[in-house]
Amino acid sequence: MDIRNLLNVNRNCNCGKLHSCDIKDVIVEKGALNQLTNLTQMYHNILLVADQNTYDICGKESQMLLRNKVVDVLVYEGYDILVPNEEAIQKLSDNVTDKTDLIIGIGSGVLNDLCKYVSFIKKLPYFIIATAPSMDGYASNAAAMIIENMKITYEAHVPSVIIADVDILKNAPIELIKSGYGDIIGKYSSLNDWKLSRIVKNEYFCEYVYDLTYQMVKSTEELGSRLLERDEYSIKTLMEALIIVGIAMSFIGNSRPASGSEHHLSHYFEVVGLLNHEPYFLHGIDVAYSTIITAKLRKELLEIDIPKQIAEFSKNKWEKEIHTIYSEAGPGIINFQNSLGWYEDRNKLKIYMDHWKEISQVLSETPDSEYIIKILKQVKLSYDDFKSLYGEEKIKDGIWYAKDLKNRYTVLWMYYDLFYGSKSLSL
């Protein structure tokens, strides 16, 4: 698929929305970085943003190509994982002046989100020079930040230009390539959750965006072993799929097609890891492993003939669990869920009973956990490594309470409603 056919269009869709994407250009090819000079002809006061890793990879070269157009360079110090928190946001904001006319980010997930968020607040355009095919947020209009120890997704804007040089992408750390692959495989789960929410919550749904996203999963799924070999065609295909999924998100204005229960579990492992100073996998790798978990949940739900009861909700017990699991982030999560009122919604049992045949059909549409385990082995992602790093207790806590981080209905809510207090998933 030619990505440019999805840009600068206004598509009147059968879903009732007008789909558009304001990205001016996307370049995914060998030597793409060499086009940077032509793409920045109209800008004269550029802020270049990188971390120490990405500056070493192509930051210096980008600065040379831009010459005196670069008036400031922000390089986040250190080689450790950069966290998109209040401190990182403030640091970038402080480097924006009244003369800044373009922000160029050099990196992948966190750098892209930081530049996207701050440029949106400052009403400036931004470019992203991708350094790894590691996640699907390059072309989306959402930015994921860690604010007050919570993972919060903010509405922002899309980049004006995405530059993805295959010569750079193919040499990315192999874990980042695995992460991008895992993020795509996770769409099996997120797309299913979207269909599920259409039934249970009467949520807006778009067949065109669903099909576009699903097409990217199928075009990527068999690339596994060739990605490990850094095959250029496979790296290019993965990167294009990640960008197109981001465009699909921008078409509907949120991350619904690409982020569901598997992402909520991934956010949970990251948030708890940061709070407790515990290790966690890269985002897309956690998404991949969490897709195995959500497939197991769907299988157990399919064993129900028809729901007979919904789990009793004890607010005191729930608040105690949230405080225990999320420590200082607990009060914010409790206030957030209280504002939604979803735990008090007793009408869901009737919806489950009345629509169980339709729900079961949707739940059965995704690959089972054994299939996901098999395809992840192509990129040497072992489910045993996931269980070993987190342990049974942390994973099961995530199954019950990762959903509380977001205001999005997924299979995690259904599993909680129908099984909490009565059984525990066999990992």
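**A strand and its surroundings**

Begin by selecting strand β10: V161, I163 and D165 on one side and I162 and A164 on the other are all buried, so both of its faces are covered. Here, buried means under 20% relative accessible area, exposed over 50% and partly exposed in between, with a 1.4 Å probe and protein chains only. Helices (H or I, at least four residues) and strands (E, at least two) are DSSP runs numbered from the N terminus. In a regular strand, side chains alternate between the two faces of the sheet. Because 5 of the 5 residues of β10 (residues 161–165) are buried, the strand is largely enclosed by the rest of the structure.

The model is predicted: local features need pLDDT of at least 70 and side-chain atom pairs pLDDT 80 or more, while totals for chains, interfaces and linings use all residues. Residues are numbered from 1 along each chain as its sequence is written, and side-chain values use heavy atoms, without hydrogens and water.

E29 has D165 as its bridge partner in β10.

Finally, select I243, I247, Y326 and M414, which have the most contacts inside the largest nonpolar core, a set of 132 residues. Such a core joins buried Ala, Val, Leu, Ile, Met, Phe, Trp, Tyr and Cys residues through side-chain atoms within 4.5 Å. Helix α10 (residues 232–252) gives the most to this core, with 13 residues.

Note on methods
Two strands pair if DSSP finds at least two bridges between them.
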